[in-house]
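Good morning, and thank you for coming. I shall present one protein model today, beginning with a term that we shall need and then turning to its helices.

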Amino acid sequence: MLQMSQHYEPKFKKKIVRLHLAEGRSLKSLAAEYGVSHASISNWTKQFRTECQTNEENQADYNYMKENLNLKKQLAELQKENDLLKKAAAFFAKEID
C-alpha cells in the first residue's frame, strides 16, 4: 500500500528543526512525538543548514541554536559537578563530627 506524502507547513518544520538543534532533542523522540518520519526531520535539518549559508537571518538563528545547545550542555555538566561537590562536602562534614 502506498503512503501519500504529507505536506508540512514551513513554520512546523522550523519548530521541529529548532527542537532538534537548539534543545538537543533526538530525531527519534521528535519523530515519535510529532508523528513525522526520522528521514523527514533529517532532511529538514540539512535543508535548514544549507539555507543558513545563503540567508543571514537563518544563519543568525542557527548560530543562536548552536550556542543555546552548547550552553545547555555546559549547564548540565556544571550541575553534575555541583552535585558531586555537595556530596563530598556532606561526607567530609560527617568525618569532622
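Before we speak of packing angles, we require a definition: the axis of a helix is a line fitted to its C-alpha atoms over the stretch in contact, and the angle between two axes runs from 0 to 180 degrees between their N-to-C directions. Please also keep in mind that what you see is a predicted model.

Let me begin with the whole protein. Its secondary structure consists of four helices and zero strands, and along the sequence the pattern reads α-α-α-α.

What radius of gyration does the protein have, and what would a compact globule of 97 residues have? The protein has 20 Å, whereas such a globule would be near 13 Å. Taken along the principal axes, the box filled by the C-alpha atoms is roughly 70 × 40 × 15 Å. Of the 97 residues, 23% are buried. Among contacts with a separation of 6 or more, 52% join residues 24 or more positions apart.

I now turn to the packing of helix H1, residues 10–21, against H3. Their axes lie 9 Å apart, at an angle of about 90°. Angles of 65 to 115 degrees count as roughly perpendicular, and H1 and H3 are therefore roughly perpendicular to each other. On the H1 side, the contact is made by Phe 12, Lys 13, Ile 16, Val 17, His 20 and Leu 21. H3 contributes Ile 41, Trp 44, Thr 45, Phe 48 and Arg 49. By class, seven residues of this contact are nonpolar, two are polar and two are charged.

Is Thr 45 buried or exposed? Its relative accessibility is 4%, and buried means under 20%, so Thr 45 counts as buried. Leaving aside residues up to four places away in sequence, Thr 45 touches Val 17, His 20 and Leu 21.

Helix H3, residues 38–52, also meets helix H2, residues 27–34. Here the axes come within 9 Å and cross at roughly 115°, and the crossing is right-handed. Which residues make this contact? From H2 they are Leu 27, Lys 28, Leu 30 and Ala 31, and from H3 they are His 38, Ile 41 and Ser 42. Four of the residues in this contact are nonpolar, two are polar and one is charged.

Thank you for your attention.

Definitions and conventions: Residues are numbered from 1 along each chain as its sequence is written. This is a predicted model: local features need pLDDT of at least 70, side-chain atom pairs count only at pLDDT 80 or more; totals for chains, interfaces and linings use all residues. Side-chain values use heavy atoms; hydrogens and water are left out. Helices (H or I, at least four residues) and strands (E, at least two) are DSSP runs, numbered from the N terminus. A crossing is left-handed if the near helix is turned anticlockwise from the far one by less than a right angle, and right-handed if clockwise. Contact means heavy atoms within 4.5 Å. Ala, Val, Leu, Ile, Met, Phe, Trp, Tyr, Cys and Pro count as nonpolar, Asp, Glu, Lys and Arg as charged, and the others, Gly among them, as polar. Buried means under 20% relative accessible area, exposed over 50%, partly exposed in between (1.4 Å probe, protein chains only). Angles under 35 degrees count as roughly parallel, over 145 as roughly antiparallel, 65 to 115 as roughly perpendicular and the rest as oblique. The radius of gyration is taken over C-alpha atoms; the globule rule is 2.2 Å times the number of residues to the power 0.38.
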